[in-house]
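Take a walk through this structure, from its overall layout down to single residues.

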Amino acid sequence: MEKLTMNTRKLNRWDSRFFIVAGSCMLINTLLLWIRYYSNYQLSILWPAIPAITGLASSVFGLLKLYPRVYLHAPLVAKSGTGFALLALASLSLVALWIFVVSVFGEGMSGQQNQWVILLIAIFMVAMILAFLCNAIAFLRLSSQQKVGYLLTVPLAMWFIMLLVGAMKGMERGLSLDYYTNAVIGVAFFALGFALKDNKSQEN
């Protein structure tokens, strides 16, 4: 039993590490987006895309690592959150594949194919909103871990704003907000990683 507890603690360390990596990658992505937008330097879309995809994938793995902790207090919420996180990971993988193909065969991609990837990104954001919401609800129920719950609501609020703007003014307009929202998401991921680290120190 002691050995099992020690192994669980060791595995749980990764949830904070995944979010710290995610925060770092999202801030690098923001910096590269700003360089691409504000400078005259012709930076390929692949450069900001790599840290963004790495950061978002890392945040999904962070959510999946939270599953044992959430399951103890809210089993149904934990299962729902995991399902949405896996959907987000699947759609993100397809988007990553599309970006790689575009970077290599950009000339051959049609407008219709671009619409498909925008749809995939929208599915990813909806899935992430629901995954983060499920986990946020579980943590907000616990008085000792409400800080984690509040931090989990920050990224979902950013994605919700992007979807809202996308619904009103077109999805491409909503996605263009990533120049600003990704910075907020990156800081939230960072803070989340350290908050989880502090919680584990208190538990030990």
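Predicted model: local features only at pLDDT ≥ 70, side-chain atom pairs only at ≥ 80, totals over all residues.

Residues are numbered from 1 along each chain as its sequence is written, and side-chain values use heavy atoms, with hydrogens and water left out.

Start with the fold. The protein chain has seven helices and zero strands. Here helices (H or I, at least four residues) and strands (E, at least two) are DSSP runs, numbered from the N terminus. The pattern along the sequence is α-α-α-α-α-α-α. Of the 204 residues, 44% count as buried, meaning under 20% relative accessible area, with exposed over 50% and partly exposed in between (1.4 Å probe, protein chains only). The chain exposes about 11,300 Å², and carbon and sulfur atoms supply 68% of that area. Accessible areas come from the Shrake-Rupley method with a 1.4 Å probe; for residues, only the protein chains shown count as cover. Now take contacts, defined as heavy atoms within 4.5 Å. Among those between residues at least 6 apart in sequence, 76% join residues at least 24 apart.

Next, look at helix α2. A kink of about 45° lies at Y67, shortly before the proline P68. The bend is the angle between axes fitted to the seven residues ending at a residue and the seven starting there.

Turn to the rings. There are ten aromatic pairs. Rings of Phe, Tyr and Trp (its six-membered ring) pair if their centres lie within 6.5 Å; planes under 30 degrees apart count as stacked, over 60 as edge-to-face and the rest as tilted. F19 and F189 have ring centres 5.9 Å apart and planes at 45°, so this pair is tilted. F19 lies in helix α1 (residues 2-38) and F189 in helix α7 (residues 178-203), so the pair ties together parts 170 residues apart in sequence. Both residues are buried. Ring pairs link F19, F124, F132, W159 and F189 into a cluster.

Which residues does N182 touch? N182 also sits in α7. Leaving out residues up to four places away in sequence, N182 touches M26, N29, T30 and L33. N182 is buried, at 8% relative accessibility.

Finally, C25 is buried at 13% relative accessibility. C134 is buried too, with a relative accessible area of 13%.
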